[in-house]
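I opened this notebook to look up how two chains meet, working from the contact between them down to single residue pairs.

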Amino acid sequence: MTAADEKIFLANVRRALGIDSPRRAPRLFAESPSAYSKRLLEKISRRTGEETRKLIHRLKEAAAPLNIDLHVASDIQTAAALITRIAADKSPEWADRKTVAAWRHPLIERLDLPAALDAPVFFSEPDPGLSGEEARRRMIEQIAKSFIGVTAADFCLADTATLVLRSRPGQARSVSLLPSIHVAIVEADRLLADLAELYALLSWDPEQKTEGLSTCLTLITGPSKTADIEATLVHGAHGPRELHLVVLEQNS
Amino acid sequence: MTRITTEKYRQQAAKGAADPVLRGALANLQNRFGRGTAECYRRLPEGPDLRKRAKRARQESIDHLDVLLERLAEKIRSRGGHVYFARKGKEAVEYCLAVCRRHGVRLAVKGKSMVTEEIGLNRSLSAAGIEAVETDLGEYIVQLAGESPSHIIAPAIHKTRKEIGRLFADRLGIAYSEDPPTLTRAARRALREKFLAADMGISGCNLACAETGHITTVSNEGNIRMASTLPKVHMVFMGMERIVARLEDHDMLFRLLARGAAAQNMAGYVSYIGGPRQPGDSDGPEAFHLVVLDNGRSKILADPEFREMLCCIRCAACLNVCPVYGRIGGHAYGYPYSGPVGAVVTPLLVGINRAKDLCSGETLCGACRHACPVDIDIPRMLLALRAKLADGDPRWGVKRTSLLEKAAFVLWSKLAGSSRLYALAMEAAALAQRLLPGNRQMIRRLPPPLAGWTQYRDLRPLAGKSFHKRWKTNDRSR
Ligand code: SF4
C-alpha cells in the first residue's frame, strides 16, 4: 500500500484508455457557471413571496405520499408550540424518560426549547472537558437515548420534499438519525424547487460555495423505510420512524 | 474470495424455475417495480430521453477515469482521509484487515455493498475473528439464514414472511410472527445494539463526485448513515467506475437511480461524505478509508465492445423487467451480480468460459435496455459474448465452447445457401424423423446433443412434403 501501487493502478487505467501519460482535463470541471446554472441562480435570487407560497404548495403535495408530517407555522412561537405538542403526545422508544436532542443553531435557539418543553433538552456538542473520542461517544449515547431529534435544514427541495443537512460544529449528524422522531425546521425562504437548484447553489453561490458540501451533506426524503419483507412498506427500519417538517413562514 | 458457481447455472436455474414460492415473489416484485419504473420515466419532465443524456455523462466520466480518480483521492486526502487503490480483490481485503488490526476492530457493521460481496469480504473478516454484521434488513435476513442475496436491491426477495418469522424466532429469540412491521422492529432492536457497539462501519459507494471529492451512499432504511456516522472508523469500498465528474451530473443520475431502483422520485437518504470528522464537527468517524477496486474492471475498460458496461450504476432496474430473471431468480447466476447486468458483468469478471451459460440463458428480448436508467445496450453485449464463445477470443482467453455446434451452423449456412441442397436435406430429415419416439403429430424426444430442445416441450415434425413442393404441385394442377 504505497504510492507506487497507486501509480501502477492509475497507469493501468490509462493503458486501458489508450493514454500513455498523466493528463489534465480542465474542461471536465467547470471554472465558471454554465448558462444553465446561471439561469437557475437567477431564478432563485429573484424568487418572490408568491412563488415561495407555490413552492410550499408543491412541498405539501410531495410530502403527503411519503408520510411526512408537514406543518406550516406563521411564527416561531407557533413552531415551538407544535414541537411541544409532539413531545407531549409521543412516547419514548429507547428509554423510560423523555429527552430531546437538538442542534445548536440560531433558528433552534429562537425556539427556546428548554423553556417550551417538559423534557430535558440535550444540545449536540461534545463535552470539551473530555478527549475527542470519549466526548463523541458520550454525546452519541445521549442522542441515542433521546426520542426526538430537532434539526434545522439548510434547504428543503419542494418537488421531492427533501431536506438538506450539512455537518457543522454543534450540529451532529446523529440528531437526525438516532431519535425515533425527527423534527426539522426550515425557513420558507430556504425552499428550493429541486436538486438542480441545490447543486447550482452549492457550486456557484459565493456564500454557499465556501462551505460547499462540507464533510457530510445528507439529503433526507421521508422517514426511514424498508420493503425487504415481501415488498411490504414499513417505516422505522433503522432511522426515525416519523419525520415532522416545520416550515416557518416569514413576517406574517 | 466469494464462491463462484456460474458453472452450475443450468441446474441452479432449473431449481429456481421449479420453485413456486420464488416465482410468486419475483412476479410480485416485477409487477410493482418493473411497471412503476417505466411509469416514472414517462413522467420525467425531460422525458425518457434523459437516460441518453445520463449515459453520455457516465461515458465521459469513464473515458476520463484516471483524472477523476486522482482528483477524488487528492480531495479526500486533503481532509485527512485515506485512499487505497487495489488492483485485486485480495489486496482490498488485506488492506481492510490491516486497518482493522490497527484500530483493534472486533465488530463491524456493514451497509449493503455489491463490491464487498464480489471480494468475499465477510468470510475474510470472520476468519480473522471479526464479526461483520449486515445491516440492510434484507441482507441481515439473508446473513442470519446463512444464504446469499438474490437481488441487488431486494436481497431477501426469495424468502417468505413465514420463513423470516421462523428465522427470527429461532435466531433473535422473539415470539413467532409473520407481520412485517413486527419483524422489522425486532431487527431494528437487534441491529441498533450492533450499530452503537461497532468499531467500524463498512459501506459501498453509489456514485462518487470527483469535482467536490465526495463518495455517496444511498439507502432507504438509514442503515448506511448509521454505519458511516457512529463507529470510529468508516471504510468505503468502491468499484473504480463508480464516479462522475461534476456535481451537476448527480442531479439527473440520482433522479434516474431512484426511479430505476425502486420507482421512487428520490431515495430516502443520500449522503455525500468527504472524509473523517473535521476539527469542530460534532460527530462522524475519526478515521476514513476509501478503497478503490479494479479487480478486472480495467480489462473491461480496455475493450471498446464492453466499456459501456462500466456505465452501470447497479440500480437493478434490468432485473425487475427481465423475463429470465423473473423465472429463475438471482441465485441461479452463481455470483453476486444477477439478471441481465450479471449476465454481462459476471463473465467479464470471472471468465467468459466459466460463466458461459449466463449469456445464452438470456432471451435478447431487449426489456433490460428500455429499463436501464443509463441506456446500456445489454442485448448487444450478450450477443458479443455469445460470438466470443462460438469463435474463441485470445484476448479474453476464451476457448470455443462447442465445435459441434459451430460445425452444425456452418453446415446449416451451406444448406440455407443452396435451395437444391436444402430440399435434399429436408427430405432426408423427414425420413429420418420416423425413427424418433413420439406419434405422428409430435416428436417427444430428440437424441443427444439435441435432447435439450425436447426436454420441456414437444417438437412438431417436418412435413413430409415441403411447402415449396406443394406449391409447385398445386400450381400445376390449376
Ligand atoms: S445495467 Fe442498467 S438497469 Fe441494470 S443495474 Fe446497471 S444501470 Fe441498472
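Before turning to any one pair, I note that a salt bridge here is a side-chain nitrogen of Lys or Arg within 4 Å of a carboxyl oxygen of Asp or Glu. The model is predicted, and I read every value below as computed from it.

With that cut-off in hand, I looked up D66(B) and R23(A), whose closest N and O atoms are 2.7 Å apart, so the pair falls within 4 Å and forms a salt bridge. Between chain A and chain B I found a count of seven salt bridges. I then turned to polar contacts, for which the rule gives 43 residue pairs across the interface of chain A and chain B, both residues being at pLDDT 80 or more.

Next I asked which elements of chain A give two or more residues to the side that touches chain B, and the list holds α1 (3-17), α2 (35-45), α7 (132-145), α8 (195-204), β9 (216-220) and β10 (225-226). The most comes from α1(A), with 10 residues. Sorting the residues on this side of chain A by type, I noted 36 nonpolar, 25 polar and 14 charged.

For the interface as a whole, I recorded 75 residues of chain A in contact with 95 residues of chain B. The two chains bury about 7,300 Å² between them, and 59% of that area lies on carbon and sulfur atoms.

Terms used. Residues numbered from 1 in each chain as written. Chains lettered and ligands numbered in written order. Predicted model: local features only at pLDDT ≥ 70, side-chain atom pairs only at ≥ 80, totals over all residues. Heavy atoms only, no water. Contact = heavy atoms within 4.5 Å. Buried area = accessible area lost by both parts, 1.4 Å probe. Polar contact = N/O pair within 3.5 Å; in protein donor to acceptor, adjacent residues only side chain to side chain. Helix = DSSP H or I, 4+ residues; strand = E, 2+ residues; numbered from the N terminus. Nonpolar A, V, L, I, M, F, W, Y, C, P; charged D, E, K, R; others polar.
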